[in-house]
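Here is a short briefing on one protein chain. Look at the sequence and the structure first, then read on.

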There are 2 protein chains.
Amino acid sequence: MRQEVIARIVHAMLDVGLDAIVAVSPENFAYVTGFLSPTQPLMRWRHAMALVTADAQASLVSVDMEQSTIRAKAPPGAEIAVWREFQFDAMTVLADLMNKHKLTASRVGIEMDYLPAADFAALQELLPLVRFVPAQRLLSRLREIKTPAEIEVLRRLSRIADRSITEACRAAGAGSSEMDIAAALTRGVYEQGAEYFKLMIVATGERSVFPNVGPSERVLKKGDICRVEIFPMIAGYHAGVCRTAAIGAAPPQAERIWAKLTECKHLLLDAIKPGASTRKIYEIYRDKLAELDLPPISFVGHGIGLHLHEDPYLGPTEDQPLEAGMVLGIEPLVYETGFGFGMQNKDMLLVTQGGCEILSDYLDTDALLIVA
Amino acid sequence: MRQEVIARIVHAMLDVGLDAIVAVSPENFAYVTGFLSPTQPLMRWRHAMALVTADAQASLVSVDMEQSTIRAKAPPGAEIAVWREFQFDAMTVLADLMNKHKLTASRVGIEMDYLPAADFAALQELLPLVRFVPAQRLLSRLREIKTPAEIEVLRRLSRIADRSITEACRAAGAGSSEMDIAAALTRGVYEQGAEYFKLMIVATGERSVFPNVGPSERVLKKGDICRVEIFPMIAGYHAGVCRTAAIGAAPPQAERIWAKLTECKHLLLDAIKPGASTRKIYEIYRDKLAELDLPPISFVGHGIGLHLHEDPYLGPTEDQPLEAGMVLGIEPLVYETGFGFGMQNKDMLLVTQGGCEILSDYLDTDALLIVA
């Protein structure tokens, strides 16, 4: 268990008058414990939960199937209540645990944006005197400011992503397929120590205009633009980096658009510092795309960590000041340039006391990457 | 849209007196449409939904961000209602769509085991006269019997998994790391045409006793047992195959345990046919492990398709007859042999009219795979 995180959660729950918080999503389970329950992200019924009480005790709920893995990762003597997969009794076991911790008639925060409606109905029936309130915002707000250990793993992941993408692009050329890029890229992330990855985007040629598409059998030809992104993972944490490469030579208009995206990147890097408004950061991107007569997307960046998109978003709707310790994915991009290709440059940044620092520092992206 | 699937859903909804069904999970969205909404499986708030009405009309709800991708994959003229990510209005857009289809005071099935409690509460408030009932069981029951097109993609995926694992194991030896196996394995699945994968297990030596662990930096040595599993994906479909290999030579007891698991596999293959009881199939596995004085896990197989675990489960608690057209992952295994290693052999099977057919037919697993 992470004592620093538990202390933060307790502080926040006392502020809003909660007696306990139940983390039910994979990311908040990992936030409390420091590790993922392996199959929870894949099978949503395999609930793994962490109960944190106002007196700073943390206890876990695990499915029988994952019990040995969780016990091996949790500190010795940790309280782990085990439910049985085919008895479907996760909510009963959680309710028993809450009763044991004298929460029978308490005020408890829970992630209402994760817990399925059927499970919540069951829990309410088991604990009719508990007042459940949404806790997702409290937890996501805490997760915005990373601990030193979180920053370290995000720095490592940023370099893994950047280097793997760059090397996979450099190994590609006319005649390779998107699957070849994918194969080189996944090999790269694992060889460099990632445990898993999410959302690999390999979008080349006419496919480069689509936001979130994986690799296809498409064969590359000279003049193709390639958008390549991956989110490698370690211990539940993600970095997201995207690079754009041209095969052999850039198509007409590509250098001009890339230069604008690069100008935009530097304006963003100059503006990102503690106290800067997330909305004003977004407006830098929106205005730069306006110079190209191209449409912006609905954000130019977002927090990243235990989820591949976290608060804060840098977009037009909400506004908040940036703070030191935030880690952001910043992605000046245009999907549809009007010339049959899209371009994206996504970096990982740490907001520091004095400004910001690029964590994805393997490739210098000021010039468009041209390969083979 | 898949007309055959929509017809099945309509038939089932009329049977239980529903006016419409809303598919809200990634797998049921893909079941209706034939494709995944790319980031829905990764960001649960990026709702993609399919509304199927009793008159066999299907319309979609998409987040703005994925609109271009979904429109490119859906048939021309398909009705797609778009919600705006940062207006958080997915439920409002769904409610409007339901009103448009005259479902304002109807009986509607929805996946209560997926829809988050907060979204369900919002939907109930928007549509106070609609009676929502759980639809997850109806949909999972339909998905148990695969269409010919589904069987074809599962056959392809089974071979991709089997061959990739076998080749990655054959390339490993004393001195390679689990990350090397992972790198070769992921390269293999993409080179053979998978679009993505889930849950790669690389568990070697003393780590081979843990159920669902990814690769680590552990370096292999002679006599290690390696459990390697992967679920490659195409169009939302998964195959799950697991192989066990020994590095250089099998440790004492491994050949004896493998022979029992092989006996078990053949008993299972003989027993699996239309009409066979899922519980009795499980008992074959349980009894065979009893001969070794080893504990069984809580199932020996499960349906597989758009989710990596689907109904029916072959376990001790529920019971149902197998039917032709089911695709099953069958995995006689023991995690903790008592000798510091675990062993697992997981095949993909199709239940046929006359019995069953192995879809993962690349490696003959009767003898333990010994590499390097």
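This is a predicted model: local features need pLDDT of at least 70, side-chain atom pairs count only at pLDDT 80 or more; totals for chains, interfaces and linings use all residues.

Residues are numbered from 1 along each chain as its sequence is written, while chains are lettered from A and ligands numbered from 1 in the order in which they are written.

**Whole chain**

- Chain A has 10 helices and 18 strands. Helices (H or I, at least four residues) and strands (E, at least two) are DSSP runs, numbered from the N terminus.
- The C-alpha atoms of chain A fill a box of roughly 70 × 40 × 35 Å along the principal axes.
- Of its 372 residues, 54% count as buried (20 or more other C-beta atoms within 10 Å of the residue's own, with C-beta atoms placed from the backbone).

**One sheet**

- Five strands of chain A form an open sheet in the order β12-β11-β13-β16-β17, with antiparallel pairing. Two strands pair if DSSP finds at least two bridges between them.
- β12 (310–314) and β17 (356–358) of chain A are the edge strands; each has a single partner strand, so one side of each lacks a neighbour in the sheet.
- From one strand to the next, the twist averages 30°.
- Inside the sheet, β13 (residues 327–330) and β16 (residues 347–351) of chain A run antiparallel, joined by 4 bridges. A:L328 has A:L349 in β16(A) as its bridge partner.

How values were computed. A residue is buried if 20 or more other C-beta atoms lie within 10 Å of its own, exposed if 12 or fewer, and partly exposed in between; C-beta atoms are placed from the backbone. Axes are lines fitted to C-alpha atoms, for helices over the stretch in contact, and angles run from 0 to 180 degrees between N-to-C directions.
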